[in-house]
Amino acid sequence: MPPGEAPSALVVGAQGVLGHFLARGLAAAGWRVLRAGRRPEDDPGFRLLDLDRAETIAPACAGVDLVVTSVPHPSLALERHVLRDGGLLLSVAGVSAAERERLRAESAGARGLVVVHGGLVPGVATLVAADLVASHPDADLVEVGLCFSAAATSGRGGGAFGHHLLAGRRRHPTGVVPLPPPFGPRRCMDVGMPGEGWLGQLARGRQTALWVFIAERPLHLGLLAANALGVISFLPRGAFVGGPRALPAELSREPVCEWVAVGRGGRRLAACTVEGEGDYRTTVAATVVFADALLAHRRRAPDRHGVSGPEELFTLAELTSAFAAAGVRIVPRLD
């Protein structure tokens, strides 16, 4: 990138809700944005990229400083392309623990850098967890709590993600999480962290919990009842994903409160909440912060290649001010 020229980003999945607003957010932050998707468009700022057609990946990614993707794909073709051919990729898509380890195993001799979990949860929450573990290295438990809301803007990918977490087994363990107002203490479901791989090495040798709760109390109580009866795995996927959705003009602003805590011997030692307005709105803001930080990191460490989580590249202290300026607040709760 020539000095003084705005950095360029290719947003994969830009025809979906989250990708559309990621493209808007990056453009508002001064990036030159190219949109990518699998449905052809007559737009000079659009590039055709269909992850089911590997031959479309290299031409779409050519000549950009950063690729940002919101599209999970079982082939990991986009991630493998960047690792093999070079470049920089920031993923806001779901990458499971097994997929992350598979990419790591294939990254010997990599020419590019792939950063997974670059959004809000995981992403900001992972940095908070790393900070709490650094302050309490004797912690034997790491918790992350994730809020869903029926009022939130969501696309098909977001709905599928929620269904994946909630319907993953017939019955989830439950526990009370002391959330702040307007939510208050909630009995939440632990849907299982290990398979998600959000915490990377932070989880090694520690117990983990991935708490899920619904902002609207009646819906939350209904899901708890389904869980208690052992029928939550029968939740229909269509109720979460639905049919085609039009792109909204703006993202919703419902209260967002994600929980991160560490504990030992059954006692919580420290906790923070990650707060903002609107799930997708806050995710976009956090991703733009990560994109800016990743480009700066690339300038400082051009020889860093392979697969990383944000917690391996940045500390919370480095990015807290940028998160706050973007409307992503990190609030200590138990210290």
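Before I turn to the sheets, let me say that two strands count as paired if DSSP finds at least two bridges between them, and that strands (E, at least two residues) and helices (H or I, at least four residues) are DSSP runs numbered from the N terminus. What we have here is a predicted model, in which local features need pLDDT of at least 70 and side-chain atom pairs count only at pLDDT 80 or more, while totals for chains, interfaces and linings use all residues. Residues are numbered from 1 along each chain as its sequence is written, and side-chain values use heavy atoms, with hydrogens and water left out.

Let me begin with the sheet of mixed pairing, an open one of seven strands in the order β8-β9-β10-β7-β11-β12-β14. At its edges stand β8 (174–177) and β14 (329–332), and because each has a single partner strand, one side of each is left without a neighbour in the sheet. From one strand to the next the twist averages 30 degrees, where axes are lines fitted to C-alpha atoms, for helices over the stretch in contact, and angles run from 0 to 180 degrees between N-to-C directions.

Within this sheet I would like you to look at β10, residues 207–214, which runs parallel to β7, residues 141–148, and is joined to β7 by eight bridges. Leucine 210 in β10 is the bridge partner of valine 144. With β9, by contrast, β10 pairs in the antiparallel sense over two bridges, and here methionine 189 stands opposite valine 212 of β10. Why can we call β10 largely enclosed by the rest of the structure? Seven of its eight residues are buried, and therefore we can describe the strand in that way; buried means under 20% relative accessible area, exposed means over 50%, and partly exposed lies in between, using a 1.4 Å probe and protein chains only. Helix α6 (residues 156–166) lies across β7, β9 (186–190) and β10, and runs at about 130 degrees to β7, contact meaning heavy atoms within 4.5 Å.

Now to the other sheet, which is also open and has seven strands, in the order β3-β2-β1-β4-β5-β6-β13, with parallel pairing. Its edge strands are β3 (46–48) and β13 (306–308), each of which pairs on one side only, and its neighbouring strands are turned by 20 degrees against each other on average, direction ignored. Strands β5 (residues 87–91) and β6 (residues 112–115) pair in the parallel sense over four bridges, with leucine 89 standing opposite valine 114 in β6. Helix α9 (residues 279–300) lies across β4 (66–69), β5 and β6, at about 155 degrees to β5.

On a 1 Å grid over the protein atoms alone, a pocket is an open set of points where a 1.4 Å probe fits, with protein on both sides within 12 Å along at least five of seven lines, and lining residues have an atom within 4 Å of a point; grid points are joined across faces, edges and corners, and the volume is the space filled by probe spheres set on them. Of the 15 lining residues, the closest to the centre are Leu251, Arg281, Thr282, Val284 and Ala285. The elements giving two or more residues to the lining are α1 (17–28) and α9.

Finally, consider alanine 14, in the loop between β1 (8–12) and α1. Is alanine 14 buried or exposed? It is buried, with a relative accessible area of 0%.
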